[in-house]
Amino acid sequence: AMTIPPPTSAYVHVPFCRHRCGYCNFTVIAGRDELIADYLKAIEIELSWLEYPRPVNTLFVGGGTPTHLPEDAFSHFFEMVRHWFPPKPNAEISMEANPEDMNPAMIQAMQAAKITRASLGVQSFRQEKLKMLERSHDANMVIDGVHMLREVVSSLSLDLIFGAPHETLHDWKSDLDRATALPVDHISTYGLTYEQGTSFLGRRDRGELVSAGENLEREMYELAIDELQSAGFEHYEVSNFARPGHRCRHNENYWFCQPFYGVGPGAARFVGGTRETNIRSTAQYLKKVLQGESPTAESDKLEAEDLAREQLVFGLRRLDGIN
């Protein structure tokens with residue numbers, strides 16, 4: 001049998017948020033900060049099941065809102081994560097950040113954790129759209145956050161959403177213009193979707209929210225491609241644009257169907273040809289792990305044909321394509 005090399009990529013999920021935004025269907029828990037101490041214990045236990053440290057080329061801390069952790073919890077979290085996933089030389093250490101959490105203390109904690117890449121959840125610069133998306137930052141917080149992060153990370157990415165209710169093509173262009181005017185290396189753009197389990201889906205079905213519609217969304221997407229390419233960003237994956245040398249290496253690892261570790265509530269991993277996903281409920285995840293039980297909810301052995309199909313689909317999403 002062919003031996004599968006161990007992963008050199010790891011994902012760790014931080015589920016905490018101040019508020020669950022109406023469009024969000026990720027594994028998050030809002031307003032339950034009293035669970036942070038138990039979460040840190042559970043992460044320590046789940047990591048210890050690795051048995052020995054696993055060196056990585058890419059580490060990605062996502063959420064939720066990793067920057068929502070108080071500084072001491074944040075520091076303790078990163079000490080554990082870096083112990084079990086020691087970064088190899090020139091590793092990409094990436095994390096998601098929220099504009100409202102960017103202050104000197106958090107920036108210092110990120111610097112101490114040796115974060116090399118930050119992805120800032122901007123979504124928009126327009127107050128009306130931010131309010132509609134239930135985001136509590138404003139454009140000035142974004143600009144301040146970008147300048148603070150720039151001091152710490154060598155790669156900085158912004159997330160933007162298009163196709164919000166009542167958004168016009170002109171509105172979207174203003175968001176793109178403001179994003180490209182900032183000193184950033186990478187931009188991800190996502191069309192607003194109405195997913196199962198989100199409050200936006202119910203509101204749309206009740207007629208309270210009007211979705212943009214396919215034609216306008218397509219125009220917005222095409223506008224993003226034109227604007228970002230002419231601003232020097234390469235459109236290297238369906239939703240992702242990077243300046244040369246600033247592609248997200250961690251995501252590229254997924255898209256090449258390479259193995260990866262995954263730790264935390266709702267996290268997925270692909271190790272030894274098997275894909276596993278942890279329980280999505282943070283409370284259930286904590287209960288299991290603190291009792292010493294596996295938090296795995298699903299497990300699938302990927303056969304060669306399954307893997308080939310995945311490689312094909314991911315290949316079609318990427319500029320580099322597939323042979």
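This report describes the sheets and helix contacts of one predicted model.

Residues are numbered from 1 along each chain as its sequence is written. Local features need pLDDT of at least 70, side-chain atom pairs count only at pLDDT 80 or more, totals for chains, interfaces and linings use all residues, and side-chain values use heavy atoms, with hydrogens and water left out.

Strands of a sheet pair through backbone hydrogen bonds, either parallel or antiparallel. Here, helices (H or I, at least four residues) and strands (E, at least two) are DSSP runs, numbered from the N terminus. Two strands pair if DSSP finds at least two bridges between them.

Strand β6 (residues 117-123) pairs with β7 in the parallel sense, over 6 bridges. Arg 117 has Ser 155 in β7 as its bridge partner. β8 and β10 (residues 240-242) run antiparallel, joined by 3 bridges.

Helices accompany these strands. β7, helix α6 (residues 169-180) and β8 make a right-handed β-α-β unit. Right-handed means that, with the strands pointing away from the viewer, the path from the first strand over the helix to the second runs clockwise.

## The three-strand sheet

A second open sheet has 3 strands in the order β12-β13-β14, with antiparallel pairing. β12 (268-271) and β14 (296-301) stand at the edges with a single partner strand each, so one side of each lacks a neighbour in the sheet. Neighbouring strands are turned by 15 degrees against each other on average, direction ignored. β12 is joined to β13 (residues 274-278) by 4 bridges. Ala 268 stands opposite Thr 277 in β13.

## Helix against helix

Two packed helices are described by the angle between their axes and the distance between the axes.

| Helix pair | Axis distance | Angle |
|---|---|---|
| α1 (residues 36-48) and α10 (residues 282-290) | within 9 Å | roughly 55 degrees |
| α2 (residues 71-84) and α3 (residues 104-112) | within 10 Å | roughly 10 degrees |
| α1 and α2 | 10 Å | about 5 degrees |

Angles under 35 degrees count as roughly parallel, over 145 as roughly antiparallel, 65 to 115 as roughly perpendicular and the rest as oblique. α1 and α2 pack at about 5 degrees, which makes α1 roughly parallel to α2. In their contact (heavy atoms within 4.5 Å), the α1 residues include Ile 36, Tyr 39 and Leu 40, and the α2 residues include Ala 73, His 76 and Phe 77.

The axes of α1 and α10 cross at roughly 55 degrees, which makes α1 oblique to α10. Tyr 39 and Ile 43 are among the α1 residues that meet α10. Both are also among those that meet α2.

The axes of α2 and α3 cross at roughly 10 degrees, so α2 is roughly parallel to α3. Glu 71, Phe 74 and Ser 75 of α2 make this contact with Ala 105, Met 106, Ala 109 and Met 110 of α3.

Note on methods:
Axes fitted to C-alpha atoms, helices over the stretch in contact; angles between N-to-C directions.
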